[in-house]
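Me: I would like to learn how to read a structure like this one. Can you take me through it feature by feature?

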Amino acid sequence: MSVSSTPGDCPAPAVTDGLGAVDRPTVSFELYPPRNPHAAPKLWATVQALAEVRPDFVSVTYGASGSTRTTTRTLVRRLLRETSLTPIAHLTCVGTSTQELADTVGEFLDEGVRAFLALRGDPPADGSWQAHPEGLPTASALVGLLRRIEAERCASSPAQAVRATVRPLSVAVAAFPRGNAGAGSSREQDIAALLAKQAAGADFAITQLFYDAPSYLELVALARDAGVTIPIVPGIIPMTDPARLRRVQQLTGVEVPEHVLATLDAFDPETETAARHRAGTRLGVDLVNAVLDGGAPGVHLYTFNNAGPALDLIDGVGLGGSGAPRTRVATLPVPVPTS
Ligand code: FAD
């Protein structure tokens, strides 16, 4: 066989945009399955726009108690079949029996899903909630279930075992920069929980949103001191829409700093949305640059199914393919086991 080739046999990339560079920080996005089927075309336009920057993965949320089981599956299946994106399916265990969870995991695996974000999920806040008598209590137990199911499938089928070697199962978990206000837990408690998730087989963590770099950098330093070695990817919300930030504060308990709201509220919401968008993007760019300069492995953006603010932010930090590409500049220390 000849190794020579004529021009055009194997064309070099037309644009050296840096999007596929190995030392590029990771870029990923969170999507949620649309509640209303009529929103599907808009979501799909969002997916196509996000795909342009070749994200490392896109994660798809899952309602507590399995409330979005069908719609999450539909979206994940469509991402697998119709795009080159790697979907990560969120899974929650609150309010569900272990058997129901195992069935759901089996369905995802049968469809070719190889990555999950294992979560506990939040019980309803009205106080009426009781733990499922045959359910799992924590995210770390769900990580263990995922690992057990995968091991059983590989043990029962050599073909599955080979496939699992080629495309290993990847399990992500949540981390909380300032403790989990929604669950009423402190940062120390959540670092202990993160260590338990790692021990159960988690591969990496994605953080709850935060608004200042020290929140993330301190979490990573404390987690490393406690023995957490897995990568911790910062989860960032684009800061362009103050109404959204206020709603997310109510849902998560993560307070929006006064200076962020003051910056955004200074603009007329009817006539100055473009200027407000630019100012909010600047806030996001500064935050993402600070965590990347501090050694974060990449950035995960909470898109709320809206591509524009996420892509402008990614572009602003040099990860969107236009302008000078950004590469990793630092590495947060990871303790080396002594024995
Ligand atoms: P856990 O780690 O199980 O923690 C829950 C509580 O138990 C905490 O108070 C923790 O301190 C305590 N705990 C856990 N393990 C231990 C242990 N070994 N010892 C002592 N205490 C322990 N929710 C959804 O419903 N759907 C989603 O799709 C979704 N996606 C998310 C994505 C990200 C990136 C993040 C950060 C959160 C997401 N959430 C989602 C919210 C999440 O489910 C809640 O914040 C939930 O309260 C905590 O989830 P967890 O996975 O950290 O649970």
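Reply: Start with a term. Contact means heavy atoms within 4.5 Å. Keep in mind that this is a predicted model.

Me: Then what covers the buried residues of α3?
Reply: The cover includes α2 (69-82), β3 (87-92), β4 (115-119) and α4 (139-156). The buried residues themselves are L101, T104, V105, G106, F108 and L109.

Me: How many residues does helix α3 have, and how far does α3 reach?
Reply: Compare the reach with an expected value of 1.5 Å a residue. Helix α3 spans residues 98-110, which makes 13 residues. From first C-alpha to last, α3 reaches 18 Å, close to the 18 Å expected. Just after α3, look at G112: its phi is positive, about 100°.

Me: What does the whole protein chain look like in numbers?
Reply: The chain has 11 helices and nine strands. Of its 339 residues, 46% count as buried. The chain exposes about 16600 Å², and carbon and sulfur atoms supply 55% of that area. For contacts, look at separation in sequence. Among contacts between residues at least 6 apart, 78% join residues at least 24 apart.

Me: Is T240 buried or exposed?
Reply: Use the cut-off: buried means under 20% relative accessible area. T240 has 11%, so T240 is buried. T240 sits in the loop between β8 (235-236) and α8 (242-252). Leaving out residues up to four places away in sequence, T240 touches L264, R276, H277, G280, T281 and P309.

Me: Now the ligand. Which residues come nearest?
Reply: There are 25 residues around the ligand, and Y62, H90, D122, A139 and K197 come nearest. By class, this shell has 12 nonpolar, nine polar and four charged residues.

Me: How much of the ligand does the protein bury?
Reply: Compare the ligand alone with the ligand in place. Alone, the ligand exposes 960 Å², and the protein buries 80% of that.

Me: Which elements give two or more residues to the shell around the ligand?
Reply: They are β3, β4 and α6 (187-200). The most comes from α6, with five residues. Look back at α3 here: β3 and β4 are also among what covers its buried residues.

Terms used. Residues numbered from 1 in each chain as written. Predicted model: local features only at pLDDT ≥ 70, side-chain atom pairs only at ≥ 80, totals over all residues. Heavy atoms only, no water. Helix = DSSP H or I, 4+ residues; strand = E, 2+ residues; numbered from the N terminus. Buried < 20%, exposed > 50% of the residue type's maximum accessible area, 1.4 Å probe, protein only. Areas by Shrake-Rupley, 256 points an atom, 1.4 Å probe, with all protein chains shown as cover. Expected span 1.5 Å × (residues − 1). Near = heavy atom within 4 Å. Nonpolar A, V, L, I, M, F, W, Y, C, P; charged D, E, K, R; others polar.
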